[in-house]
Amino acid sequence: MVLYTTPFPNSCLSALHCVSWALIFPCYWLVDRLAASFIPTTYEKRQRADDPCCLQLLCTALFTPIYLALLVASLPFAFLGFLFWSPLQSARRPYIYSRLEDKGLAGGAALLSEWKGTGPGKSFCFATANVCLLPDSLARVNNLFNTQARAKEIGQRIRNGAARPQIKIYIDSPTNTSISAASFSSLVSPQGGDGVARAVPGSIKRTASVEYKGDGGRHPGDEAANGPASGDPVDSSSPEDACIVRIGGEEGGRPPEADDPVPGGQARNGAGGGPRGQTPNHNQQDGDSGSLGSPSASRESLVKGRAGPDTSASGEPGANSKLLYKASVVKKAAARRRRHPDEAFDHEVSAFFPANLDFLCLQEVFDKRAATKLKEQLHGYFEYILYDVGVYGCQGCCSFKCLNSGLLFASRYPIMDVAYHCYPNKCNDDALASKGALFLKVQVGSTPQDQRIVGYIACTHLHAPQEDSAIRCGQLDLLQDWLADFRKSTSSSSAANPEELVAFDVVCGDFNFDNCSSDDKLEQQHSLFTHYRDPCRLGPGTLLDTNGLYDEDVCTPDNLQNKSSGQKGRKELLKGNGRRIDYMLHAEEGLCPDWKAEVEEFSFITQLSGLTDHLPVAMRLMVSSGEEEA
């Protein structure tokens with residue numbers, strides 16, 4: 001399938017569209033700014049309360065007449081531009097595909113050679129988030145502002161969280177063969193004058209994030225509220241870049257050395273170390289903070305064996321190999337115990353996106369300029385991105401569409417096929433956006449017999465008003481039909497001659513109904529949940545209380561993590577945690593007959609606190625063969 005890299009089939013239509021939008025944009029921007037000036041957020045209200053001179057109110061009173069005069073002057077040009085813009089939408093393509101060639105070892109083509117469908121299983125990590133990148137005046141209805149700056153910051157945080165180095169923790173103890181997945185940001189720090197990273201013996205201190213003091217003398221407290229600064233992401237894709245930490249037992253009473261220091265000093269402070277003699281809470285290099293102190297190590301990195309002989313702290317060769325084998329057996333047994341669909345899967349609340357994130361699905365990326373800024377940031381980690389997904393005008397749907405679908409998809413693996421469908425059954429404000437479903441087929445490997453190993457991912461955003469259960473159920477019906485049609489139309493395999501092997505089938509997005517409320521019973525009992533499994537039926541709410549977004553107890557990743565970790569399901573509604581409406585589902589049927597996809601990790605992410613009114617959700621799937629598990 002040919003992927004569309006431009007919104008229009010030829011340069012002439014593209015030029016006409018650019019001219020028409022240039023005529024419309026001044027009017028659009030002025031209307032947005034005028035409306036935004038009269039919808040203050042709680043953060044701005046607090047600032048005004050602390051401003052005895054009322055400077056912000058004076059600025060609003062001064063600029064409002066100027067904006068109104070410019071708006072009146074721009075209306076004729078906007079009307080002329082609309083006359084050209086509207087008919088052009090019938091020729092517009094439903095998405096824009098962007099690929100940034102990755103010259104490093106972690107490029108999509110190189111990733112395909114990592115797994116041949118044989119030997120050890122392969123894990124794939126997925127994440128979904130509603131980022132509320134609406135025009136600024138509409139975002140303020142959800143108590144969010146400055147959409148353009150938020151888009152850039154969201155991209156930086158996701159990139160830094162996903163690109164952080166994985167930490168391999170080995171337990172050298174005669175009585176403990178488990179693998180620790182606790183917080184590890186305090187495990188490795190430069191101790192002593194030589195600046196060499198050493199493992200910290202004894203207990204593990206729980207640290208959710210790294211305090212940061214960036215260029216320009218910003219205080220660490222500011223960074224805790226605003227997130228990490230921008231910069232180049234840490235390249236942690238290759239096994240050699242992982243930071244190895246060994247936790248010693250009681251034998252010898254001596255703290256063991258941390259194995260295999262990362263080139264360039266990445267073993268310091270958990271990753272991109274600072275000056276000698278500093279603690280992990282001191283300065284980090286620009287772009288490294290916000291991704292170094294994850295409270296949960298990637299499960300994949302914890303059980304991955306290193307090539308070649310190994311030597312434990314006691315000097316016995318192969319001790320860690322035996323330990324890794326035992327740990328993986330324990331882990332697989334635990335996974336088998338969780339297979340029953342009625343059993344709740346243990347989730348975790350993390351202050352960071354998972355390391356080595358493979359696929360990212362975002363909703364409510366409505367603003368075009370914000371989508372471009374977000375894409376540029378995400379391209380620092382993801383090679384393949386689909387954005388500006390949806391239709392405008394009267395194309396494809398019954399009513400006129402002012403906004404696209406808001407869906408954005410990013411992947412480290414090559415995209416093979418794409419399809420988009422717009423939901424026709426919408427009403428009220430949702431009818432102004434082309435909400436729908438985006439279907440993707442990605443290649444994740446190839447067998448020695450040149451069979452492609454593929455996966456299917458669907459990202460959607462359902463109807464929002466809580467009382468419209470019938471509309472959402474109709475959209476779920478359409479989603480199921482479109483899923484089946486996409487699988488059928490893109491499959492090049494047959495039972496007699498399988499050219500492709502399906503490794504996973506995932507559906508995710510903002511469903512706009514929760515998993516507990518009696519008011520959402522109709523959606524909860526939909527047949528979609530018989531074909532796709534929700535591995536975490538009970539967990540913290542993902543829809544945050546918009547009035548409390550800037551409260552001290554939820555406005556930073558650490559504080560929101562602590563608040564969410566203490567929530568027992570959705571029955572106890574805490575400030576900052578509401579309904580769980582963001583889902584990550586996976587199919588256990590329809591895959592390669594010899595393979596099984598099991599959830600290895602399920603987490604709720606607080607890294608975007610203060611930037612959106614939703615909690616992102618992440619899931620790591622382990623795809624393995626039945627023979628391997630036996």
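# A first look at this predicted structure

**The surface patch**

- Helix H3, spanning residues 55-88, is the main contributor to the nonpolar patch, giving five residues.
- Phenylalanine 82 sits in helix H3.
- Phenylalanine 82 has a relative accessibility of 36%, so this residue counts as partly exposed.

**The nonpolar cores**

- As a general background, nonpolar side chains in soluble globular proteins tend to be buried together.
- The largest nonpolar core here has 83 residues, and the members touching the most others are Phe126, Phe359, Phe409, Ile415 and Phe504.
- Strand S14 (residues 500-510) supplies the largest share of this core, with seven residues.
- Which residues does phenylalanine 409 touch, leaving out those up to four places away in sequence? Its contacts are Phe359, Leu360, Cys361, Tyr384, Ile385, Leu386, Ile415, Leu438, Leu440, Val442 and Ile457.
- There is also a second, separate core of 30 residues, with Ala162, Leu362, Tyr381 and Leu608 among them.

**Cysteines**

- How many disulfides does the structure hold? The number is zero.
- Cysteine 459, for one, is in no disulfide, and the nearest cysteine sulfur belongs to cysteine 361, 4.3 Å away.
- Is cysteine 459 buried or exposed? Cysteine 459 counts as buried because its relative accessibility is 1%.

**A serine in a strand**

- Serine 603 belongs to strand S16, which covers residues 595-605.
- With a relative accessible area of 2%, serine 603 is buried.
- Not counting residues up to four places away in sequence, serine 603 touches Glu348, Pro354, Pro616, Val617 and Ala618.

**Two residues with a positive phi**

- Most residues other than glycine have a negative phi.
- Asparagine 146 is not a glycine, yet it has a positive phi of about 55 degrees. You can find asparagine 146 in the loop between helix H5 (136-139) and helix H6 (147-163), and at 40% relative accessibility it counts as partly exposed.
- Aspartate 388 is not a glycine either, and its phi is positive at about 50 degrees. Look for aspartate 388 in the loop between strand S9 (384-387) and strand S10 (408-411); its relative accessibility is 9%, so aspartate 388 counts as buried.

Definitions and conventions:
Residues are numbered from 1 along each chain as its sequence is written. This is a predicted model: local features need pLDDT of at least 70, side-chain atom pairs count only at pLDDT 80 or more; totals for chains, interfaces and linings use all residues. Side-chain values use heavy atoms; hydrogens and water are left out. A nonpolar core is a set of buried Ala, Val, Leu, Ile, Met, Phe, Trp, Tyr and Cys residues joined through side-chain atoms within 4.5 Å. Buried means under 20% relative accessible area, exposed over 50%, partly exposed in between (1.4 Å probe, protein chains only). Helices (H or I, at least four residues) and strands (E, at least two) are DSSP runs, numbered from the N terminus. Contact means heavy atoms within 4.5 Å. A disulfide is a pair of cysteine sulfur atoms within 2.5 Å.
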